[in-house]
Amino acid sequence: MKPYPVMMNLEQRKVLVIGGGRVARRKVGSLLDSGASVVIISPELDLELRNLADKAAIEWVRAEFDESLMDAHSDAILVFGTTDNREVNVRVYRACVARKIPCNIADVPDLCTFIVPAVITQGDLMIAVSTGGSSPALARKIREDLEQRFGPEYAEMTRVMGELRKLILAEGKSSDQNKLLFTEIVDSGILDALKENDRDRVIQILRSILPTDVNPESAVKNSPEN
Ligand SMILES: C[C@@]1(CC(=O)O)C2=NC(=C\c3[nH]c(c(CCC(=O)O)c3CC(=O)O)Cc3[nH]c(c(CC(=O)O)c3CCC(=O)O)/C=C3\N/C(=C\2)[C@@H](CCC(=O)O)[C@]3(C)CC(=O)O)/[C@H]1CCC(=O)O
Ligand SMILES: NC(=O)c1ccc[n+]([C@@H]2O[C@H](COP(=O)([O-])OP(=O)(O)OC[C@H]3O[C@@H](n4cnc5c(N)ncnc54)[C@H](O)[C@@H]3O)[C@@H](O)[C@H]2O)c1
């Protein structure tokens with residue numbers, strides 16, 4: 001497989017998960033983090049998923065998979081097949097192909113129209129790692145390495161850059177000029193200053209780069225820590 005990476009907006013979109021065991025629990029965790037409306041079809045749920053169903057964080061259809069149940073949820077935009085029964089997983093895949101819904105069958109990469117990467121997040125920064133299905137264990141190891149490398153300062157850096165971007169775009173300069181400015185800011189020492197929580201230095205560096213009429217105070221000041 002030579003996958004194409006995308007970052008999908010799942011907010012309030014329905015996602016179906018077939019099966020309610022260990023793999024389902026892992027996928028449901030990240031789906032809820034992305035704001036998806038999760039519906040699980042499974043005769044059993046593990047304890048953690050059952051707790052989520054009890055507090056209505058997910059909808060549980062207590063049944064074995066059947067295509068008719070899928071029709072009752074035809075507004076689903078993704079489907080995860082996570083049962084421990086190969087024949088059921090194949091039926092889930094076929095049902096998805098017939099309805100043109102992208103699907104992921106946990107233990108059968110050949111039956112996946114998409115695969116799930118290992119992910120780290122720091123605020124709005126998201127780094128996804130895939131081995132194209134060659135080695136999930138390696139994807140996990142690289143994710144763990146990246147977690148050491150990209151600490152909380154990257155959440156703050158991403159937030160500040162987002163605020164500055166709005167201010168700079170409002171100046172109405174050309175895209176090339178803006179690009180130079182953004183590159184200079186990300187290459188400056190503000191990341192180190194943010195890591196040390198040295199707000200004054202961040203502002204000082206930004207003032208030395210930004211046009212005089214762009215005031216960095218508000219972008220940096222809005223930080224929850226300040
Ligand atoms: C990244 C991650 C995301 C997630 O699932 O959330 C993910 N698997 C993770 C962990 C993991 N999975 C497995 C192990 C045990 C060690 C091992 O077998 O290597 C470990 C490691 C562990 O947990 O230690 C078992 C396994 N997984 C697949 C197979 C079938 C096969 O390879 O044929 C088997 C054998 C089953 C068996 O033996 O019966 C298949 C897939 N797993 C994928 C994703 C897709 C490819 C991603 C890519 O590499 O691009 C793909 C193709 C489909 C899919 O599920 O999307 C998540 C790491 C999260 C994290 O920790 O950050
Ligand atoms: N992609 C991965 O990362 C990965 C990792 C480990 C295992 N796997 C594979 O994924 C599969 C599931 O693993 P698991 O550890 O979550 O298994 P599990 O036994 O914990 O869970 C299986 C779930 O499927 C449900 N189920 C069984 N028959 C069903 C049916 N007809 N309709 C609906 N639900 C049904 C069960 O009730 C149970 O909740 C296995 O085949 C395993 O080889 C994939």
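**View 1. Leu-206 and its contacts from elsewhere in the chain.** When its neighbours within four places in sequence are left aside, Leu-206 touches Leu-164, Ile-185, Ile-190, Pro-216 and Val-220, where contact means heavy atoms within 4.5 Å. The model shown here is predicted, so that local features need pLDDT of at least 70 and side-chain atom pairs count only at pLDDT 80 or more, while totals for chains, interfaces and linings use all residues. Residues are numbered from 1 along each chain as its sequence is written, and side-chain values use heavy atoms, with hydrogens and water left out.

**View 2. The largest nonpolar core.** This core has 29 residues, and those with the most contacts inside it are Leu-164, Ile-168, Ile-185, Ile-190, Val-202, Leu-206 and Leu-210. A nonpolar core is a set of buried Ala, Val, Leu, Ile, Met, Phe, Trp, Tyr and Cys residues joined through side-chain atoms within 4.5 Å; buried means under 20% relative accessible area, exposed over 50%, and partly exposed in between, with a 1.4 Å probe and protein chains only. Among the elements that give two or more residues to this core are strand E6 (118-122), helix H5 (136-149), helix H6 (153-169) and helix H7 (175-187), and H6 gives the most, with six residues. Helices (H or I, at least four residues) and strands (E, at least two) are DSSP runs, numbered from the N terminus. Apart from this core lies another, of 19 residues, among them Ile-18, Val-61, Cys-103 and Val-108.

**View 3. The packing of H6 against H7.** The two helices, H6 and H7, pack at an angle of about 155°, with their axes 11 Å apart; axes are lines fitted to C-alpha atoms, for helices over the stretch in contact, and angles run from 0 to 180 degrees between N-to-C directions. H6 is therefore roughly antiparallel to H7, a term used for angles over 145 degrees. On the H6 side the contact is made by residues including Met-157, Met-161 and Leu-164, and on the H7 side by residues including Leu-181, Phe-182 and Ile-185.

**View 4. Two residues with positive phi.** Most residues other than glycine have a negative phi. Gln-12, in the segment before strand E1 (14-18), has a positive phi of about 60° although it is not a glycine, and Gln-12 is exposed, with a relative accessible area of 71%. Ala-56, in the loop between helix H2 (47-54) and strand E3 (59-61), has a positive phi near 60°, and at 65% relative accessibility Ala-56 counts as exposed.

Definitions and conventions: Chains lettered and ligands numbered in written order. Parallel < 35°, antiparallel > 145°, perpendicular 65-115°, else oblique.
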